[in-house]
Amino acid sequence: VDDRPAGVAGGGGPVYLRTRVHPTVAALPAAAGWPSFDHLYEEAGDFAALYDAIVAALLAAARDAGGPIVYAVPGHPLVGESTVARLRDAARAGDLALRLVAGVSFVDVAAVALGRDPLGENWQLVDGLELAAVGEAEPFGGGRLPLSPLRPALIGQVYSAPVASAVKLALMRLYPDEHPVTVLRGLAAGGGSVIREIPLHELDHGAADHLTSVYVPAQPPERAVRVAQGLQAITARLRAPGGCPWDREQTHESIRSNFLEETCEALDALDAGDMDAFREELGDVLLQVYLQSQMAEEAGEFALEDVYEAISAKLVRRHPHVFGDVVAQDSGAVLRNWEQIKAAERAAKGERREAATPSALAGVPRSLPALARAALTRERAARLAGPAPDGETAAALDDALARYRAASDSSAARDALGAALFALAGLAAARGLDPEEALGGASAAFAARFAALEDALRASGRDWASLAPAERAALWVAGPPG
């Protein structure tokens, strides 16, 4: 480092060590007289403050020296050396000459110690401190893990048991507890490294030092079952030549009904409060997305990555109060912004009514169950126009029921019944109720009552067919015993 104008820096000068805690320092007799910054590790409150303090001290030393100084760091200056990155920024901002001298990085030493080719195996290079921070961010660390289990990974700076513990927790989001990992302790160019293979869950059981790294081997796709890439690869394998005959025969249309079926099964598990079943059923729903996307890619229509892009871009676009500078004071403001953004999207797609005005109700799925569709239609209308008065909705229900009773043919009865159900959906919306849930509860209550009646009949040695019409009617009125 030299504070003279760029291009003037020469060689030599006072040497400053980032740390003495390294085998190379002990092998250099002259290093005994070189100052280090080890004392700052005890004084700084966090790593950012530590690195800033080191850089400030180096810049002051360069000014005081009136010439070049040497800053010695372990390994390669551009591999895991935050102080060097900060010095480069200072050099750009302050007309400071900075010359980097390449060294042997911990990646080179690890490759030799393991006998592996980092490039040939497509290694991932991961900062253990960053990985630890994600592991400590539960439950909001999902999606930020900087590695894929389908490729080998070398994790550096696992220098203490607490860091190793946090790294372990982060890795266990992606790998099984028994996944083998290799710990390289005392990793230095001169040899002397301690290498041991252990299961992942024991990563924080042993000693760690400032030269500890961890090698994590890749998993085959069929075993990388905790990440999206694994499911994508498994789905592709099922559809590929030589895969599953049944899966290869399916089309978009043949498994269309599976979407609704799997979604309903997931909702049943949720309603039952069975989280294990809910987790499994969510996987079945997710599989439908992957299968449909795989079929689309085979046909040249779109790929799974396009699905990711579409939903991610939509979420960012529709949440400017989170990802932009829009302010939303409450959920009501969020919904109003949401509808305005969606209307603009529909207009851009050409979804217009005859008057060329985008409809707030465009996009309500036609495949929804009719009662759920009615509820969603009323909800979307109410977001912009406000809810209909209770009295008006109740009057509409009374009118529809009167028309139903007076209907002279099935067509008129059907229309009146539809109007009554639509009015009921409006009454539910006025009180913040879900008509599907309400009807589901009523259906469940009816099913329980009917089952009790069946039990009572069986207990008496009879069944429905053996009852006279009057007996059936009396049983309905009386209900199940008890």
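**Exercise 1. Helix 10 against helix 11**

Task: In this predicted model, determine in which hand helix 10 passes helix 11, and what angle their axes make.

Solution. 
Step 1. Take the hand. Helix 10 passes helix 11 in a left-handed crossing.
Step 2. Take the geometry. Two packed helices are described by the angle between their axes and the distance between the axes. Helix 10 covers residues 256-271, and its axis runs 8 Å from that of helix 11, at an angle of about 160°.
Step 3. Classify the angle. Angles over 145 degrees count as roughly antiparallel. Helix 10 and helix 11 are therefore roughly antiparallel to each other.
Step 4. List the contact. Helix 10 brings residues including Arg-256, Phe-259, Glu-262, Ala-266 and Leu-270. From helix 11 come, among them, Met-275, Phe-278, Leu-282, Val-285 and Gln-292.
Step 5. Sort by class. The contact of helix 10 with helix 11 has 10 nonpolar, 4 polar and 5 charged residues.

**Exercise 2. Helix 8 against helix 11**

Task: Find the angle at which the axes of helix 8 and helix 11 cross, then name the class of that packing.

Solution. 
Step 1. Locate the helices. Helix 8 spans residues 228-239, and helix 11 spans residues 275-298.
Step 2. Read the geometry. The two axes come within 10 Å and cross at roughly 55°.
Step 3. Classify. Roughly parallel needs an angle under 35 degrees, and roughly perpendicular needs 65 to 115. The crossing angle is roughly 55°, so helix 8 and helix 11 are oblique to each other.
Step 4. Helix 8 passes helix 11 in a right-handed crossing.
Step 5. List the contact. Helix 8 supplies Ala-228, Leu-231, Gln-232, Thr-235, Ala-236 and Arg-239. Helix 11 supplies Leu-286, Leu-287, Tyr-290, Leu-291, Gln-294, Met-295 and Glu-298.
Step 6. Sort by class. The contact of helix 8 with helix 11 has 8 nonpolar, 3 polar and 2 charged residues.

**Exercise 3. Aromatic pairs**

Task: Count the aromatic pairs. Then describe the pair of Trp-123 and Tyr-215, and the pair of Phe-450 and Trp-464.

Solution. 
Step 1. Count. The structure holds 7 aromatic pairs.
Step 2. Take Trp-123 and Tyr-215. Their rings lie 5.3 Å apart, centre to centre, with 50° between the planes, and the pair is tilted.
Step 3. Trp-123 sits in the loop between helix 5 (106-114) and strand 3 (124-127). Tyr-215 belongs to strand 7 (residues 213-216). The pair links distant parts of the chain, 92 residues apart.
Step 4. Check exposure. Buried means under 20% relative accessible area. Trp-123 has 11%, so it is buried. Tyr-215 has 4%, so Tyr-215 is buried.
Step 5. Take Phe-450 and Trp-464. This pair is stacked, with 5.5 Å centre to centre and 10° between the planes.
Step 6. Phe-450 is in helix 18 (residues 435-459), and Trp-464 is in the loop between helix 18 and helix 19 (469-478). They are 14 residues apart. Phe-450 counts as partly exposed at 24% relative accessibility.
Step 7. Look for a cluster. Tyr-16, Phe-37 and Tyr-71 form one.

**Exercise 4. Positive phi**

Task: Asn-122 and Gln-157 are not glycines.

Solution. 
Step 1. Recall the background. Most residues other than glycine have a negative phi.
Step 2. Take Asn-122. Its phi is positive, about 55°. Asn-122 lies in the loop between helix 5 and strand 3. It is partly exposed, at 46% relative accessibility.
Step 3. Take Gln-157. Its phi is positive too, about 65°. Gln-157 lies in the loop between strand 4 (153-156) and helix 7 (161-171). Its relative accessible area is 31%, so Gln-157 is partly exposed.

Notes:
Residues are numbered from 1 along each chain as its sequence is written. This is a predicted model: local features need pLDDT of at least 70, side-chain atom pairs count only at pLDDT 80 or more; totals for chains, interfaces and linings use all residues. Side-chain values use heavy atoms; hydrogens and water are left out. Rings of Phe, Tyr and Trp (its six-membered ring) pair if their centres lie within 6.5 Å; planes under 30 degrees apart count as stacked, over 60 as edge-to-face and the rest as tilted. Helices (H or I, at least four residues) and strands (E, at least two) are DSSP runs, numbered from the N terminus. Buried means under 20% relative accessible area, exposed over 50%, partly exposed in between (1.4 Å probe, protein chains only). Axes are lines fitted to C-alpha atoms, for helices over the stretch in contact, and angles run from 0 to 180 degrees between N-to-C directions. A crossing is left-handed if the near helix is turned anticlockwise from the far one by less than a right angle, and right-handed if clockwise. Contact means heavy atoms within 4.5 Å. Ala, Val, Leu, Ile, Met, Phe, Trp, Tyr, Cys and Pro count as nonpolar, Asp, Glu, Lys and Arg as charged, and the others, Gly among them, as polar.
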